[in-house]
Every structure is written in C-alpha cells, then in structure tokens.
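Student: I would like to learn how to read the sheets and helix packing in a model. Please take me through one.

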Amino acid sequence: MSFECDAAIPVELPDIDTQPIRSGAKILIVDDTPANLVAIEAALEPLQRQLVTACSGQDALGHLLEQEFALVILDVQMPEMDGYETARWIRSRARTQHLPIIFMTAHDHDDAAVLRAYELAAVDFLFKPIVPEVLRAKASVFVTLHERTEALAIERIEREFENRFRDLETDALRRERDRELAAKHELAHLNRVLGEHDRRKDEFIAILAHELRNPLSPIRTSIELLRSDAGLPPSTTRLVDVLERQTNQLVRLVDDLLDVSRIKADKIELRPEIVDLRDVVDAALMTARPLLDERRHTVAVTAPERVVVAVDTVRLAQVICNLLNNAARYTPPGGHVHVTIGNCDEEVAFVQVKDDGIGIPPELQATIFQMFVQERVRSDGSGGLGLGLALARRLVELHHGTIRCHSEGRDRGSTFEIQLPRITSSLALSPRPRTRDMEPMRPDASDARSIRTVVIDDNDDARELLSEVLRGKGYSVMTASDGQSGLGLIREQQPHVAIVDIGLPVLDGFAVVEALQKQCPQLKTRLIALTGHGQSTDHDRIKVAGFHAHLVKPASAATILACLSQQLQEP
Ligand code: ADP
C-alpha cells in the first residue's frame, strides 16, 4: 500500500508493534547423547527447517535466549539440568511461555514422568527409541501451526496497518476537504462583498447620471434659445457652436452612463416595430452626419434590397449611430465610411459599417465589446468612456442579434457588422409600437397666445428657460417652483397644458396629479411629466399616475414643443 502524505498535515504513526516477525521456524533439539541428536536431526531433515542442537539444558538456554524457535524437542534425562528443569525455565520466560515442547524419555510407561511433563505444559510426549516418522509427523504439526500463527499475525498487523493508514488517509482527506470548504466560504464571502461593491458602484453611476442630466437640461435649452436669436454677432455664434458641441458630447456621455446602469439592472425595454433597415440606418446617419461632415468624411450607403426587421428603431439607430461616430472619430479627416445593408440568408440580415481609419490592433479586437475597454488614441477630449460598443453589443443581443469587428491592424481600417434576425425568422422580436410622444413636431396652434401653460419645476434655471422657450413660441406661461403652489395654480387657471417636474420637494409630481384627480375630476388640462428618471418602470408609473405624456430630461426644446403641440391636438 502506498500513501502519500501532505507535508503540511502532521501524520501520527500508528501505535502498534512495528517489529518484524522473526520467521524461518527453527527447531531446537536438546539431548545429552550426541548419537540421539544425530538420529533426531536425520529424522527431521525432510521437514526442511532449520535445526539447532543443544547437548545440555544450559546449552539449550543459551540458544533460547538468542533465537526464536517454533518447537523444542527436549530429552528428559540429562545430567545437571534435566528436561523438567529446562522446561520450567522455558515456561518462566514471557517470550517462550507458549513455546511447544515435546519431551523424550527412555522410560516407557513412566506415568509419573508423563504427568510431570504435562504439568509443565508439554504439548506432547515421545518414548525412546524414537520412531522417525512419528517424530517427524508430530514436529511437522507444531512447526506448521507455528508458521500459520506467524502468518496470521503478520496478516493481522498488515491489516491493522492498512486500517490505521486508511484512517490517516481519511483524516488527511477530511482536513483537506475542510480547508477547501473554508476557502470556498471565504471566496463566497469575498464574492458577496465584491457584488455589494459592484451594486453600489452601479447605483452610484445611475444616481450620477440622473443628477448630471438635471443641469444639462437648462444648458441645452439656453443654447437653443441663443441659437434662435437671429441678431447674434458671428463671434458669439462660434461660441454657441462650441457650447453646443461640448454639451452634446456631455449628453452623449451621460446617456451612455445611464444606459449602462439600465442594462446592468436589466431595465432596458425594447419597443420593436417592423421597419426597413435602411430607414434605421438613415436615422442613424442623420444624427451622426454633423460629426462625419465636420471631419470631411465621404459616406456611401449600399442597400441593394429591402431588408425588413422587427427592431426598436430608436435603440438600433443608437447602435448604428455609435458605429458611425466611432468610424468618424477613429478615421483621420477626409476618410471614407461605407455602410452596407443586406440579407445574409433567409433568416439573417446585416448592417456593416466600414472605415479606412486607424484600425484596431488584434489584441484589442478580443475585448473591444467589454465595458470601459478603449485605446487612448485621442487626446482632444472627444473620446468616450469605452462604453459605446459594450452598450451596442447588449442592445444587439436584446434583438437576438450579434455584432463583430474586424480589422487587419493598425491603419488598415475597421469593419463592424451587426447581424439581426429577419422578420421571417423565428428569432425576430414581436412588434410593439412606440408611444406617440416620439412623433415628429407638428405645427404650432395658430392662436398660441390664447393657450395657457403652467410650468412647475424647482430648478429655477430649468423653469425659467422652459418658460422662455414657450413664451418665445407665443404661449402664455405661468410658473410655480413647488408642488403645492403648482397644484393651486393648475386648479385656479385650468391651463391647456401643464408641464410638471416629478422630483419636487414635499409634494412631488405624482402627488400633484393625484390631488388634481381627486379635487378636480373634470379637469381638461393635458399633463406632461418632465423628469430625469428615464427608466421604463418610471415611465409606466407616470402613465398609471394619470400623466398624458412623459418627457425625459434633458429634452430638447424641439421635443418639448412637439409634445406640447401634440397634446393640444389630442381630444
Ligand atoms: P469609446 O467611447 O472609447 O469610443 P467604444 O466602446 O465606442 O468607446 O469603443 C471602444 C474602443 O474601440 C475605442 O476607444 C477605440 O479604441 C476602439 N474603436 C472603436 N471603433 C473604432 C473604429 N471604427 N476604428 C478604430 N478603433 C475603434
């Protein structure tokens, strides 16, 4: 049996006799007559055992002290120390206490001698002249018995050894298992701690993104107001351009952050509709066009056939726009961007965005779709957070599609390809149209001045700017900076439209609407929620609460005006 023991685990050796068993059954023949010794030796020769002879009791004792025997054949009549005395000595020693003794005596029928011999625990008795066959037969029985006992003892010890080692082995394994279990517990604990940190980080990102959206809203509106002022000197127009570009960049970053936290919390809700992929690409191109033009890229679109898919147009346009923006940013000015749309087969459609820009090194290609992975190749501050492609992949996966990139390496251009299930595929999403608040702007009501609006927002800048936008379009505007006075204003004025911020102190937007439903059930005012909370659950809550429309900050002036004009057309 082999047993390897871990050095770190102390091994206790079993507490058993590890002395080897002396074997090679020897027979001690004791007789004072040399001729007898020779005769007995000859008789026992065929047993093929080691024979030791002694010619006196003392001589025998010497051998018995030094060696171990299986049997003693002992002459009774010997001078000085006779057979009985020798036998007594043998029985008195622990080591030889049970040693079989065959007495030999010349006196036939000497019952007293036989009795004495048996008192000394002799196991057998022989009378001279010895018959060799009888002697051999008797000796053979004792020797075989001795050998079997010895073999059994060895076996028992071996078994004991095995058992003890098995115990030790089990012990070692148990300790090892305990250690493994403890390590697993520790790992699980660390995982929980890490998970908690990760959750808190996601929460922080979500809150941060929400909070960043709030100041962005009035900034954006201010820029739009400035831009609508026809009398601006050219130098100020240039400043407005810079402001607008940088604000749009900020909005993009904040939107990415917000989307990441939504994706991590599984809060992205798609609203698929049946569209031609070309229309989605056109929408994306419209958004990416300013950057593509700014960097003087030539853009070509190849769409040889109609490609019908069921996708969330806004989300897919966001993905394609991201690829186009990347192509624009990572291609030196004056480059070429080629978009191809087509069907791979009966089941799968594709959109490909190819550029001849800086390319992507092979080692980056493997991780490029992971969050926060980016190559710091731009130093002009126009880069992103390394979230765009991670978001793109997740959004494409939500559409049951795939996204891949390919580049021959540095300065060899890049190709990104999205594959999506065609409308005929079993993997295609079921259509679920978008709400109408996404519809394009309709013309303003002709008698805007007669239209009364109320704006409730606790952010002074946001409230004033929004009022200015509305006044600029001819609407009459009343404002309130908290829920309580806003509620009173709506109750008294019964405006055509009220734009209500949700996150108001004390009485929030939900409470305002709830109170209005109770206090003025006949109220005709169209209620628009304007909020930084863009999650779908909030969207649902807002609808259920009784709002007619929901706008997410920072909504552009155009979006707010479109929404307002649409609400005015509702019955
Ligand atoms: P970022 O906000 O950094 O652009 P993305 O997730 O959109 O984040 O892209 C991740 C990285 O992939 C980029 O930082 C850039 O290194 C690389 N990359 C993406 N698109 C291209 C492209 N068309 N050409 C070259 N590199 C690209």
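Student: In which order do the 5 strands of the open sheet with E13 in it stand, and is the pairing parallel or antiparallel?

Tutor: First, the ground rules. This is a predicted model, in which local features need pLDDT of at least 70 and side-chain atom pairs count only at pLDDT 80 or more, while totals for chains, interfaces and linings use all residues. Residues are numbered from 1 along each chain as its sequence is written, and side-chain values use heavy atoms, with hydrogens and water left out.

Tutor: Strands of a sheet pair through backbone hydrogen bonds, either parallel or antiparallel. Here the order is E14-E13-E15-E16-E17, and the pairing is parallel. Helices (H or I, at least four residues) and strands (E, at least two) are DSSP runs, numbered from the N terminus; two strands pair if DSSP finds at least two bridges between them.

Student: Why is one side of E14 and of E17 left without a neighbour in the sheet?

Tutor: Strand E14 (476–480) and strand E17 (549–552) are at the edges and have a single partner strand each, so one side of each lacks a neighbour. From one strand to the next, the twist averages 20°. Angles run from 0 to 180 degrees between N-to-C directions, and axes are lines fitted to C-alpha atoms, for helices over the stretch in contact.

Student: How many bridges join E13 to E14?

Tutor: Strand E13 (residues 452–456) is joined to E14 by 5 bridges. Within this pair, Arg-452 is opposite Ser-476 of E14.

Student: Which strands does H11 touch?

Tutor: Contact means heavy atoms within 4.5 Å. H11 packs on the sheet against E13, E14, strand E15 (497–501) and strand E16 (526–531), and its direction makes about 170° with that of E14.

Student: What is the order of the open sheet that has E1 in it?

Tutor: That sheet also has 5 strands, ordered E2-E1-E3-E4-E5 with parallel pairing. Strand E2 (50–54) and strand E5 (124–127) are its edge strands, pairing on one side only. Strand E4 (residues 101–105) and E5 are joined by 4 bridges, and Thr-105 is opposite Phe-127 in E5. Helix H2 (residues 57–66) lies across strand E1 (26–30), E2 and strand E3 (71–75), at about 140° to E2. H5 lies across E1, E3, E4 and E5, at about 165° to E5.

Student: At what angle do H5 and H11 cross?

Tutor: Two packed helices are described by the angle between their axes and the distance between the axes. The axes of helix H5 (residues 132–228) and helix H11 (residues 460–472) come within 9 Å and cross at roughly 30°. The two are therefore roughly parallel to each other (angles under 35 degrees count as roughly parallel, over 145 as roughly antiparallel, 65 to 115 as roughly perpendicular and the rest as oblique). H5 passes H11 in a left-handed crossing, meaning that the near helix is turned anticlockwise from the far one by less than a right angle; clockwise is right-handed.

Student: Which residues of H5 and H11 meet?

Tutor: On H5 they are Pro-218, Thr-221, Ser-222 and Leu-225; on H11, Asp-461, Ala-462, Leu-465, Glu-468 and Val-469.

Student: What about H1 and H5: is the crossing right-handed or left-handed?

Tutor: It is right-handed. Helix H1 (residues 34–44) packs on H5 at an angle of about 65°, with the axes 9 Å apart.
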